[in-house]
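Open the structure in your viewer and keep the selection panel at hand. The tour takes one chain and then the other.

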Amino acid sequence: MNNNKSHRDIIAHGVICAAICIGGWMMLVQPKTRALANLEANIAEQTSSDVPLTQSGVEALAARVEQVKSRVQDVQQRNALATDSARLYGEVMKLAESRGVLIERLKPGSDERKLADNAGIATRVDITAKGEYESMAMFLDDVLRLNGFMRPISLSIQPSGGANQMVSARIVCEAVRFNLPEQLTSATAKEIAP
Amino acid sequence: MGVHTRRVILEIVAGRVTIAVLEHGRIASAVRLPFAVEHDPNEWSRSLRKLSAELRTHVEQFKLQGCSTTVLYSSPTAVVDLHSTTVSSSGAAAESALLSCTDALPYSSLTAVTQAIVLGRDRNGERRQTHVLVAAERNDVAEAIVECIDESGLKFQAAVPMDALILRRLALQALHQSGELRGSLYVGEHSSFFIVGANGQVDFERRLSFDIHSMVNTLRRPINRAGVEQPIELSQFDATAIVHDYGIPDRDTVVHDPLKLTGTQIIPLLQPLLQRLVVELRQSLRFGVGEKQRDQVTIVLSGPGVRVPNLAETLSKEIGQPVTTDDSWNEFDFTEAVCPRGEMSLAVARGRTIAQLNLEPNSMAQARRTKRVQQWLWTGAAAALAIIAVDYLQYDARLNEAEEQAARLSISAGDIEALKATSTKLKSTVDALAKLESHITRETGNSTSFRAIMNELTHWTPQSVRLTSINFQLVESRMVGQVNGYVFNSKVTSEEAVLERYIDDLRESPLFQTVSLGNVQIGSMSGQDGRRFEAEVVAESAPWMLIQQQLTVVSGTTLATDGDDAP
């Protein structure tokens, strides 16, 4: 009888002790462990999904932005030649003068056509010139290398007679103005600056 | 003086009860009460119950309520034995001793309370033995002791048979002694033992049926005197005084002056006891010690019996061997409740031994075990709670750290979002730029260098070929040209060969994809006969940079007007 009672006592005390310990753990530690687990999961998720914000990454991005802006500005500058016939005229005349070529006829912006895919507008430039063969060759090269998008269409050269092997040439080329997509026009603004 | 600094040792033996109060480990006061007990165990238990009332009076008087009490007792049912076994393991030796003891108990082992304590192992000898002290008591008697203590207002701590402490001391002395064979004869107030040992070895142990109390009891029997009809009976005090003052007197010695008692009257009373003691000692020596060694045995008398005059001499004379006395027992004074060399003093400094030999009732042992387990449980629970608290603090610290990290992340989240937006925008911008670049490449990427073409034509056109016109037209992204001219006979080759070679040379040029000769007909230029030809060429398209590398210096033109002289 006594044995049973003492066993019951021990079991009761054991249960009470276990209950106190478990209850204490559940009240104190478990909420903390849950909160910590949730927080750590959030942090892990956030850190894994985020772009690593490193100094080198930001610098690389800024450099790329600068490249884009620079290229867009370059394209805009070269587009300007096609839109400004007076400037084109002046540039051609300046080249002819520097190469010793006589411009007999110059039609800047005589005709326009749309490029495929609405990529831009090409402005026809028709030049008739006279000069030495070598000078004419360099002049033709210079014209096609103007600071714009120049595209050769046709060339016709005939001897013009006279001394110094003069030739008469007619060159038709196109000054192309490319349409800048909207993203690029805004890219020139400060929007993409990090 | 607090209750916890005081302890009580209660001695319950035949004829008396002694209450000794210990303060700081020393006996501070003691009181002795007469206690008449019976030999019947049940009666003995009943006597204890009666004793509790008297004890309570003294407990209240000395304000000993609640003091821990150790009971040293001698009961009819207490069994104390020194068990010797060759088993070397202490645990196994103790179990063996307990088994042997319970088998020999005069009552059922189920109703017994037993304890065993290993005293030690022989240090020498061929068959070294482990010596275990075993004590046993009937459970109901043990319960009666506890009841008595509790009802008297004291707090029961332990109950140990007095004989157990005495035998323990003797056995340890024998185990630790070195040198010649020695027989220790302990004559106590209520029990006596004889142990023979040598060189750290206990040869045998025997309980003797002789003690001072039995001497006193013998003297209290009716004594007949010559010429006096009425026999006289000595009081307990007188008998005790005669034993301690005269011991075994000469026949003429007056041992009690008022009654004119001499040794002649009391020696016949003591004679049977002494005779039995001598017989027991002789038998012990005969069967316990070898014949050759028997004469070498030195018998040392110790215990309260040392204070019994002529006892040692009588024994020496009867046994025929010298019997010396342990003079340290000369301090024993039977009149004092507690004297320095009294048996009760054995219990003062033997707390551990008493705890090991504690014959507490089974229910109390069970309750004690239960309480101990409960204490362990609560200690474990406290430790677990402490760990939980530490865990809580650690988690709290980690949580704070994580919250700080999360806060830092949320602060940088804005920057990251902005960066992501910029990155997305940049990607769309780059895509748009790539599309624009593809348009630019398609429209102006590969171009024809008229300078290079003119240069190349000049280079490959021989003197016998005069070109009259060069025309190029962009046809389906290819620059197709038509070269017209005249070929004349040279000094060494014909017109056909010159023209053929000329066309082959142009075909070799990397600036032309294809060169094909068209119409050729007879003609004249500036009055010189020759052949007029037309050639179609398709210029290579190449990036400007590549074209520039192919350029050579134009050394002169080969274009000729119709009016020019032939070369």
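This is a predicted model: local features need pLDDT of at least 70, side-chain atom pairs count only at pLDDT 80 or more; totals for chains, interfaces and linings use all residues.

Colour chain A by secondary structure and follow it from the N terminus: the elements run α-α-α-β-β-α-β-β-α. That gives five helices and four strands.

The accessible surface comes to about 10200 Å², and carbon and sulfur atoms hold 52% of it. Of the 194 residues in chain A, 39% are buried. Now consider the contacts in chain A between residues at least 6 apart in sequence: 62% of them join residues at least 24 apart.

Next, select the sheet in chain B. In what order do its five strands lie? The order is 3-2-1-4-8, in an open sheet with mixed pairing. In general, strands of a sheet pair through backbone hydrogen bonds, either parallel or antiparallel.

Select strand 3 (26-35) and strand 8 (155-161) of chain B. Both stand at the edges with a single partner strand each, so one side of each has no neighbour in the sheet. On average, neighbouring strands of this sheet are turned by 20° against each other, direction ignored.

Then show helix 1 (residues 41-61) of chain B. This helix packs on the sheet and touches strand 1 (6-13), strand 2 (15-23), strand 3 and strand 4 of chain B. Its direction makes about 130° with that of strand 3 of chain B.

Finish with helix 3 (residues 139-151) of chain B, which lies across strand 1, strand 4 and strand 8 of chain B. Helix 3 of chain B runs at about 145° to strand 8 of chain B.

Terms used
Residues are numbered from 1 along each chain as its sequence is written. Chains are lettered from A and ligands numbered from 1 in the order in which they are written. Side-chain values use heavy atoms; hydrogens and water are left out. Two strands pair if DSSP finds at least two bridges between them. Helices (H or I, at least four residues) and strands (E, at least two) are DSSP runs, numbered from the N terminus. Axes are lines fitted to C-alpha atoms, for helices over the stretch in contact, and angles run from 0 to 180 degrees between N-to-C directions. Contact means heavy atoms within 4.5 Å. Buried means under 20% relative accessible area, exposed over 50%, partly exposed in between (1.4 Å probe, protein chains only). Accessible areas come from the Shrake-Rupley method with a 1.4 Å probe; for residues, only the protein chains shown count as cover.
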